[in-house]
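Please look over the model shown here.

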Amino acid sequence: MSRPWGPGGPRTDRGRLALVLALATAVAVFTATVPLLRDWFDLRVYYGTVDTWMWHGGHIYDYRVPGTDYGFTYPPFAALAMLPMALVGWHTAVGCALLLNLGTLAVAVRLLYGRELARHGWFGWALAGCALALFEPVRDTFSFGQVNLVLLALVLVDIRLLNSGRGRWAGAGIGLAAAVKLTPALFIGMLLLARRWRAAAVATAVAGAAPALAAWAAPGASRFYWTRAVWDTTRVGRLDYVSNQSVQGVLARLAADGQPARPVWALAVLAVLAVWAVRTRGAVRAGDWRAAVALTGAAACLVSPVTWVHHLVWLLPSFAVLLHHRRVRSAAALYVVLCSSVVWLWIDDASGLDGFLGGNAYTWITLGLLIGLPVGLPVGLSGSLPLGQLRTERRSLKRTASAAAPAPTAAPTAVPDQPESSPASLGLATGSAAGPGCATGRGGSSEPTGSTRPAAANPQSSSSRASSYTAKPPPN
């Protein structure tokens, strides 16, 4: 009789079920006791805003969650897209938000890890679910009622369409994501680097049409946002708050007054974008769209003026790249740090060397991924022709075959046809057929997740319990 447990894990379904139940119990205990739940605070902002706007004659940017100074800080189109919430009650809105986040997370995981998870069936999906439930950016996205996972899924579906031969409307998802929050607009830059002109044009058109629609529906709110609010980063929260894990957050914590010098920040952003452009261009030339999206997601988190911890769901594609290249130890180490909530240890004082290193730990991880993420398809995989060189390789193959052909009197050598693009080599991973050369892929001044004019000591896009280590709520 075979043993239920082997060196690689449980060998029987009974053993696998026992392991999943044990892990699920541990995750539930951890979630219920260690992190403080955010009590759907951002969802309260969304719901209160659209409810007041639709039923009580209020203005989008005038609403405040009762007892706080926190209000809506996204572009007006985001409020327009959230209007259906005003048609349901609060508890129904919470349930819908949970289902939406679960659904879009499942879509993102399937596109990023589907091929690998398919080898392990339900067991692989169950382990992935337990792992993601511990991942701080994901659990905070659920607890806040945030929209990060929806935007990530829009980008990933777009890239999948782009590389599956059904790319007529590819770019629309990226355009919608950029219309809700400005940071995903960097993915339009990725399309330009890849010379996918049609997709970039579609994304730009959608990203431009959405604010135009919002301007028609709410002209006053649109005028206020695009002329004043979008340029005022103080509406988002304190730049030096420890949850801001962007480059500007690091510089703000180094500054005596919490306000980084703009020229220094601008130079840092240009340096990050230069690295991103070089590495992303290399990724798309190698046909590695998964790495291209991962690099763009990491760069977006770094250059955004404000990147709260839950915005770091944009790092999920980077973990897919690491696992795809068998960098299991590196992925495991980074995952543990991003589950630990370690940055909150410096919530009150991020000074000194320990504060510089530990209080910015998530920023260093993001920067390290941008610089060191492996690019290119792993050795031994077929169908790795670079996206922009398929026609060149096809012509080269025909020339080689022609040169090697026998004398004219002999029968010509047949050259097998080669497709212009192969979903198996260029698309995002799916449960069965998608191949490895795939793509994957947030918060700026336009994507605050909380306060409009924060008066709290530690403002963030969250409730008064914005941190896992906050001892008491900020003053009203």
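The model is predicted: local features need pLDDT of at least 70, side-chain atom pairs count only at pLDDT 80 or more, and totals for chains, interfaces and linings use all residues. Residues are numbered from 1 along each chain as its sequence is written, and side-chain values use heavy atoms, with hydrogens and water left out.

**Core**

The largest nonpolar core holds 114 residues. Such a core is a set of buried Ala, Val, Leu, Ile, Met, Phe, Trp, Tyr and Cys residues joined through side-chain atoms within 4.5 Å. Buried means under 20% relative accessible area, exposed means over 50%, and partly exposed lies in between (1.4 Å probe, protein chains only). F72, M190 and L191 have the most contacts inside this core. Helix α14 (residues 289-303) supplies the largest share of the core, 12 residues. Helices here are DSSP runs (H or I, at least four residues), numbered from the N terminus.

M190 is in contact with I159, W276, T280, W289, A292, V293 and T296, leaving aside neighbours within four places in sequence. Contact means heavy atoms within 4.5 Å.

**The α12 and α13 pair**

Is α12 covered or open? It is mostly covered, with 7 of its 8 residues buried. These are V247, Q248, G249, V250, L251, A252 and R253. The cover includes α13, α14, α17 (352-358) and α18.

Helix α12 (residues 247-254) packs against helix α13 (residues 262-285) at an angle of about 150°, with the axes 10 Å apart. Axes are lines fitted to C-alpha atoms, for helices over the stretch in contact, and angles run from 0 to 180 degrees between N-to-C directions. The crossing of α12 and α13 is right-handed: the near helix is turned clockwise from the far one by less than a right angle. On the α12 side, V247, Q248 and L251 take part; they meet V264, W265, A268 and V272 of α13. By class, this contact has 6 nonpolar, 1 polar and no charged residues. Ala, Val, Leu, Ile, Met, Phe, Trp, Tyr, Cys and Pro count as nonpolar, Asp, Glu, Lys and Arg as charged, and the others, Gly among them, as polar.

**I365**

I365 lies in helix α18 (residues 361-372). I365 is buried, at 10% relative accessible area. Not counting residues up to four places away in sequence, I365 touches L334, V337 and L338. The C-alpha atoms of I365 and A298 are 9.4 Å apart, although 67 residues separate the two along the chain.

**Positive phi**

W40 has phi near 55°, a positive value in a residue other than glycine. W40 sits in the loop between α1 (13-33) and α2 (41-55). It is partly exposed, at 23% relative accessibility. R195 also has a positive phi, near 60°. R195 sits in the loop between α9 (186-193) and α10 (197-217). At 52% relative accessibility, R195 is exposed.

**Salt bridges**

A salt bridge is a side-chain nitrogen of Lys or Arg within 4 Å of a carboxyl oxygen of Asp or Glu. The count is 2 salt bridges.

| Pair | N to O distance |
|---|---|
| R44 and D39 | 3.4 Å |
| R238 and D240 | 2.8 Å |

R44 is partly exposed at 30% relative accessible area, and D39 is partly exposed at 34%. R238 is partly exposed at 34%, and D240 is partly exposed at 22%.

Notes: Helix = DSSP H or I, 4+ residues; strand = E, 2+ residues; numbered from the N terminus.
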